[in-house]
Amino acid sequence: MTVLLGFAFTLLALGSCWGLEPDCLDQEPELVFQPSKYGSLWPLPQKVRISEVSFKLSSSSFRITDAKESGAGPSCSLLQEAYRRYYEYIFGDVKRQKVNKGLRAGPAELLELQVWITSPDSECDSYPTVSSDESYELSVDQPVSVLKAPKVWGALHGLETFSQLVYEDEYGAKSINATSVSDFPRFAHRGILLDSSRHFLPIKVILANLETMAMNKFNVFHWHIVDDPSFPYLSRTFPDLSRKGAYHPYTHVYTPADVKMVIEFARLRGIRVVPEFDTPGHTQSWGKGQPDLLTPCYAGSKPSGTFGPVNPILNSTYNFMQQFFKEISTVFPDAYVHLGGDEVDFTCWKSNPDIQKFMEQQGFGQDYRKLESFYIQKLLDIVTTTNKGYIIWQEVFDNGVKLKPDTVVHVWISSSTNKEMSDVTASGYTTILSAPWYLDYISTGQDWQKYYKVEPLSFNGTEKQKNLVIGGEACLWGEYVDATNLTPRLWPRASAVAERLWSAKEVTDISDAYSRLSVHRCRLVQRGVPAQPLSPSFCPHEYKGV
């Protein structure tokens with residue numbers, strides 16, 4: 001199947017230890033590139049059969065069209081834009097020529113990919129949800145190939161798969177082999193977390209990464225939009241939050257138009273946008289624009305001039321949260337909002353005499369987890385009134401907060417992941433896993449392998465418990481990441497997580513993964529994504545720079 005790759009991919013010796021590097025002995029075993037029988041498909045579909053029969057594709061004659069029976073037609077702009085996008089991915093920036101109607105296919109030429117949405121409601125104008133049908137079937141044959149999907153979301157994935165089956169020879173001629181694919185994701189929630197508070201991420205960078213997410217079949221953008229360092233979200237209800245809390249009130253903010261653009265750009269690629277507004281900790285930037293929201297810290301009997309978490313004992317706190325989350329519920333259409341709840345430092349609360357008095361009145365003793373639970377429960381009640389579901393970091397569950405049955409618990413602490421997954425699911429909560437996939441931790445060598453080797457359901461639990469795990473997220477926190485290095489740090493390392501969350505549990509061959517991922521990475525580079533290399537190697541179309 002060497003022809004599937006379309007080029008010779010020369011790899012130098014990998015993992016060689018030159019000099020006396022101390023980590024040398026701990027490195028992963030050397031991987032050797034061997035063309036995969038699956039070509040460069042990534043993530044690997046559930047079922048795929050690729051034959052030796054190949055067809056030519058010509059930019060002057062090949063078209064992607066709606067099947068006559070399709071539930072979505074020319075008025076479905078989501079699909080029409082996708083057809084244009086994938087035509088360009090396949091053929092590059094060539095100008096589309098008018099098709100000669102009398103043109104007949106040569107003996108081995110593919111003229112058309114027909115897209116057939118089999119359901120009467122294509123969901124073309126809807127937003128994707130956690131229960132969206134993302135399945136599709138692809139039959140590559142000559143002269144017409146057919147992509148069938150119940151909804152547009154599956155069709156988008158099928159277009160990506162079709163484009164990955166196309167390869168070129170040394171003269172740039174495009175070919176595709178006769179193939180049949182039947183595909184669907186193993187997990188419904190396949191996310192990337194980006195942090196736009198510690199460093200502001202320009203809209204252009206966010207959109208470029210949404211594009212790359214679609215190339216890897218990710219379907220959730222977890223937007224960690226605000227945190228301690230800055231508040232770039234421009235709130236219509238409370239404009240002072242960003243005016244005083246952003247790094248800069250004009251250049252380092254996301255306007256309502258920006259947010260709308262991100263949400264629509266994501267929707268057109270089958271990606272949900274789940275915003276995170278983390279409280280009561282991680283809120284230093286909130287306090288700059290909202291007086292009395294944060295707890296004044298004390299040094300002895302006097303205020304120290306510093307502030308701690310959100311002040312949970314004031315009615316004004318909850319009035320603010322009511323109005324703020326009402327706005328969030330109208331700006332972000334997804335059914336869920338991430339409420340954070342992690343890493344609450346109790347030191348400031350303990351120092352404050354008003355809070356000490358409140359603790360006494362409530363009978364909380366010295367257990368400040370009870371005060372945290374008091375706050376979170378009131379917040380959850382507020383968010384429930386906005387008809388949103390919520391996701392929370394695992395500490396909220398760990399601290400015994402009373403949660404609604406449909407709460408989603410996000411597991412991130414790596415020290416006891418399997419026990420946590422077991423405990424959360426045993427309590428009946430839907431769960432998302434991120435603990436093994438913190439991509440901001442970097443190391444030399446091929447760390448993608450450790451992300452790839454994770455099995456999300458390796459914890460002890462019943463079948464019912466394991467069914468509560470809806471997926472996972474790769475997290476790229478922003479302490480040391482901004483627009484200059486985000487994309488190469490994220491890709492193709494996040495691609496390893498993409499395949500783990502999409503493909504069947506049995507897909508674990510690291511050598512085959514390496515061969516496919518090497519070529520997939522070159523494809524990302526050819527599409528303009530500065531994805532970092534896996535090893536000493538070259539791509540036929542190298543990154544051209546900015």
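**View 1. Phe324 and the residues packed against it in the predicted model.** In this predicted model, Phe324 touches Phe231, Tyr233, Ser235, Phe238, Leu241, Phe277 and Trp286, when residues up to four places away in sequence are not counted. Phe324 belongs to the largest nonpolar core, which has 139 residues, and together with Phe162 it touches the most other members of that core. The largest share of this core is contributed by helix H2 (residues 77-91), with nine residues. Apart from this core lies another one, made of nine residues that include Trp349, Ile355, Phe364 and Leu371.

**View 2. A cluster of aromatic rings that includes Phe324.** Ring pairs link Phe231, Tyr233, Phe238, Phe277, Trp286, Phe320, Phe324, Phe325 and Phe332 into a cluster. The structure as a whole holds 36 aromatic pairs. In the pair formed by Phe277 and Phe325, the ring centres are 6.4 Å apart and the planes stand at 90 degrees, so this pair is edge-to-face. The two residues come from distant parts of the chain, 48 residues apart, with Phe277 in the loop between strand S10 (272-276) and helix H7 (284-289) and Phe325 in helix H8 (residues 315-331). Both Phe277 and Phe325 are buried.

**View 3. Two arginines placed over aromatic rings.** The charged end of Arg269 sits over the ring of Phe265, at 3.5 Å from the ring centre. In a second example, the charged end of Arg527 sits over the ring of Tyr89, and here the distance to the ring centre is 4.1 Å.

**View 4. The disulfide between Cys76 and Cys124.** The structure has three disulfides, and one of them joins Cys76 to Cys124, with an S to S distance of 2.1 Å. Cys76 lies in the loop between strand S2 (63-66) and H2, while Cys124 lies in the loop between strand S3 (112-117) and strand S4 (136-140), so the pair ties together parts that are 48 residues apart in sequence. The link of Cys76 and Cys124 is right-handed, with 100 degrees about the S-S bond, and both cysteines are buried.

**View 5. The disulfide between Cys297 and Cys348.** Cys297 and Cys348 are joined by a disulfide with an S to S distance of 2.2 Å. The torsion about their S-S bond is about -115 degrees, so this disulfide is left-handed. Because Cys297 lies in strand S11 (residues 294-299) and Cys348 in helix H9 (residues 347-351), the pair ties together parts that are 51 residues apart in sequence. Cys297 counts as buried at 10% relative accessibility, and Cys348 counts as buried at 7%.

**View 6. The disulfide between Cys522 and Cys539.** The sulfur atoms of Cys522 and Cys539 are 2.0 Å apart and form a disulfide. With -80 degrees about the S-S bond, the link of Cys522 and Cys539 is left-handed. The pair links distant parts of the chain, since Cys522 is in helix H18 (residues 510-526) and Cys539 is in the segment after H18, 17 residues apart. Cys522 is buried at 5% relative accessibility, and Cys539 is buried at 3%.

**View 7. Thr425 and its surroundings.** Thr425 is found in helix H13 (residues 417-426), and with a relative accessibility of 2% it counts as buried. Its side chain makes a polar contact of 3.0 Å with the side chain of Gln465. Leaving aside neighbours within four places in sequence, Thr425 is in contact with Thr431, Phe459, Gln465, Leu468 and Val469.

Terms used: Residues numbered from 1 in each chain as written. Predicted model: local features only at pLDDT ≥ 70, side-chain atom pairs only at ≥ 80, totals over all residues. Heavy atoms only, no water. Core = buried A, V, L, I, M, F, W, Y, C linked by side-chain atoms within 4.5 Å. Buried < 20%, exposed > 50% of the residue type's maximum accessible area, 1.4 Å probe, protein only. Helix = DSSP H or I, 4+ residues; strand = E, 2+ residues; numbered from the N terminus. Contact = heavy atoms within 4.5 Å. Polar contact = N/O pair within 3.5 Å; in protein donor to acceptor, adjacent residues only side chain to side chain. Phe/Tyr/Trp six-rings, centres within 6.5 Å; stacked < 30°, edge-to-face > 60°. Lys NZ or Arg CZ within 6 Å of the ring centre and 35° of its normal. Disulfide = S-S within 2.5 Å.
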